[in-house]
Amino acid sequence: MSKPILQLKNITKRFGSVVALENVSLDVYPGEIRGLIGENGSGKSTISSIASGMQKANNGEMIFKDQPWNPDSMIDALQHGVGMIVQESGTIAGVTVAENIFLAELDQFKNKAGLIDRKAMNRSADEVMASIGVPNVKGNMPMAMLDFQTRKLVEIAKVAMKDPDILVIDETSTALSHDGREIMYNLIYRFREEGKAVIFISHDLEEIMEVCDTLTVLRDGNLIRTFTKDEFEADAIRTSMIGRELEGDYYRSDYEHSCLDEVALEAKHLTFGEELKDVSITIHRGEIVGVGGLASCGMHTLGKAMFGAISLEDGKVTTGAGVVIKDEPTAMKQGIGYVSKDRDVESLCLTASIRDNIAIAGMDKYKKCGLITGRAEKKYVNQQVKELSIKCSSPEQLTGQLSGGNKQKVVFGKWIGCGSEILILDCPTRGVDIGVKQAMYQLMMKLKKKGTSILMISEELPELMGMSDRILIMKDGAVTAEVERSKDLSDAEIIKYMI
């Protein structure tokens, strides 16, 4: 085997009294796709961010290409050969695609007068986006007009443009739909063929077993084991991740389409530009309706429309009682909750406490005679923290300090606590580990049995097939197929309707 391109030796990282990494050593080789997997808080993002210059270790050393490695920042690391694509948003909203891509390199586009030649910069950005397979995204486009997936593709292009020797991808696939992932996979395989290394972090066990050559498991800040390709076995990896075997069902164990006859929510002829074209769907009490499709198929816009978050050009959404959902306050009064794919921007206030995020939607549940007492609010929030097993120092902890899985639990707690009878879940398990996913799936089944209606929008085919009573497939803003729950249903059957 060749010499390691990157060596991490006895890396330790503490955040106050919390040990995030404890004496972790890891070698990464040229031409290798090294997977990192573990539960939320296991340390996989921490160690990759240290290698990528985002933060410093308390102890340990790093060697990159036979030289001591201690980058001052992510920009410094990228300029010298290690680029990282972060889990959450790594772009700036208020500028263009080109300005995001060349943010630290604007001087190269200055003309003799010292002004930025924006046409030249935009042309270069067009070439960068085309190089990763996204020619329809242009340099002059404002970032604000792009959806979550496309913003992530811009970030990928920005890092890939520098052609680093090591590419670190942290939970990026969860932001991408099927075709977006294909773009990312093509880039990963290209790096391997060129003798470069890739560190690939994912909670999707099937994905990581398919993509990676080796797989390192972290748990509670410790390196547990590294699996070679011929050792990949799902149950063994899961057990290494959580230190025990998973108990109970992961997805649903039944294959029946079961629900009540009563209609909970109905959409008729929804139209919104090119994103929704005469879409009509019905959700019954106690039913999980899945919605899937490729990028820009309209499914994420459908979720917003069902919650009253966009102004439709035509059509309407009504409850079973006939109430028209014209805006978000109306939706909330009718017992509808919405979990956005873009969790950190649209579902949470990261600078607020766990308590504030959960309590905001449930005031009607704990106020008495029009008054809100701190004691009642505290009891209400503590109940959600306990029932959802939210790992935190206290409900006063800032939400932005939580792992992805615990952030998602806070979002669920906000809507479940206030008694939502209809849940619109857009990529509900994005960025959460296998144990939390199982807990969320079991929670969904518990809610279903209580009569809660769930519209689950997902880019995960196993999730759609494993949890839905029926699956609606969207393409080009329209529902093109409906697939019933079945033991014999395959992902190939669903994909053929998407493409």
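In this predicted model, Ile372 has a relative accessible area of 42% and is therefore classed as partly exposed, a class that lies between the limits of 20% and 50%. Ile372 sits in the loop between helix H13 (363–366) and helix H14 (374–387). Together with Ile360 and Met363, Ile372 makes a nonpolar surface patch of about 260 Å².

Three strands form an open sheet, in the order S12-S11-S14, with antiparallel pairing. Strand S12 (276–284) and strand S14 (314–319) stand at the edges and have a single partner strand each, so one side of each is left without a neighbour in the sheet. On average, and with direction ignored, neighbouring strands here are turned by 5° against each other.

The pairing can be followed residue by residue. Strand S11, which covers residues 263–272, pairs with S12 in the antiparallel sense over six bridges. Within this pairing Ala267 stands opposite Ile281 of S12, and Phe272 stands opposite Leu276 of S12. The hairpin of S11 and S12 has three residues between the strands, and Gly273 in this hairpin takes a positive phi near 55°. S11 is also joined to S14, by five bridges, and these two strands run antiparallel. Here Leu265 has Thr319 of S14 as its bridge partner. Helix H9, made of residues 299–306, lies across S11, S12 and S14 and runs at about 60° to S12.

A positive phi also occurs at residues other than glycine. His269 is not a glycine, yet its phi is positive, at about 55°. This residue is found in strand S11, and with a relative accessible area of 44% His269 is partly exposed. Asp163, likewise not a glycine, has a positive phi of about 50°. Asp163 belongs to the loop between helix H5 (148–160) and strand S7 (166–170), and its relative accessible area of 37% makes it partly exposed.

S15 pairs with strand S16 (residues 422–426) in the parallel sense, over four bridges. In this pairing Gly337 stands opposite Leu423 of S16.

Charged side chains supply a further set of links. The structure holds 31 salt bridges. One of them joins the side chains of Arg190 and Glu194, with a distance of 3.7 Å from N to O. Arg190 is partly exposed, at a relative accessible area of 30%, and Glu194 is partly exposed as well, at 44% relative accessibility.

What does the salt bridge between Glu287 and Arg470 tie together? The closest N and O atoms of Glu287 and Arg470 are 2.6 Å apart. Glu287 lies in the loop between S12 and strand S13 (288–293), while Arg470 lies in strand S18 (residues 470–475), so the pair ties together parts that are 183 residues apart in sequence. The two partners are buried: Glu287 has 0% relative accessibility, and Arg470 has 7%.

A further salt bridge is formed by Glu459 and Lys341, whose closest N and O atoms are 2.8 Å apart. Glu459 is in the loop between strand S17 (453–457) and helix H17 (461–467), and Lys341 is in the loop between strand S15 (336–339) and helix H11 (343–347), so this pair ties together parts that are 118 residues apart in sequence. Glue between these parts is not the whole picture, for the accessibility of each partner can be stated too: Glu459 counts as buried at 10% relative accessibility, and Lys341 counts as buried at 5%. Salt bridges that share partners also join Arg252, Asp254, Lys448 and Asp469 into one network.

Definitions and conventions:
Residues are numbered from 1 along each chain as its sequence is written. This is a predicted model: local features need pLDDT of at least 70, side-chain atom pairs count only at pLDDT 80 or more; totals for chains, interfaces and linings use all residues. Side-chain values use heavy atoms; hydrogens and water are left out. Two strands pair if DSSP finds at least two bridges between them. Axes are lines fitted to C-alpha atoms, for helices over the stretch in contact, and angles run from 0 to 180 degrees between N-to-C directions. Contact means heavy atoms within 4.5 Å. Patches are made of residues with over 30% relative accessible area and no salt bridge: like charges are joined within 9 Å, nonpolar side chains (Val, Leu, Ile, Met, Phe, Trp, Tyr) within 5 Å. Accessible areas come from the Shrake-Rupley method with a 1.4 Å probe; for residues, only the protein chains shown count as cover. A salt bridge is a side-chain nitrogen of Lys or Arg within 4 Å of a carboxyl oxygen of Asp or Glu. Buried means under 20% relative accessible area, exposed over 50%, partly exposed in between (1.4 Å probe, protein chains only).
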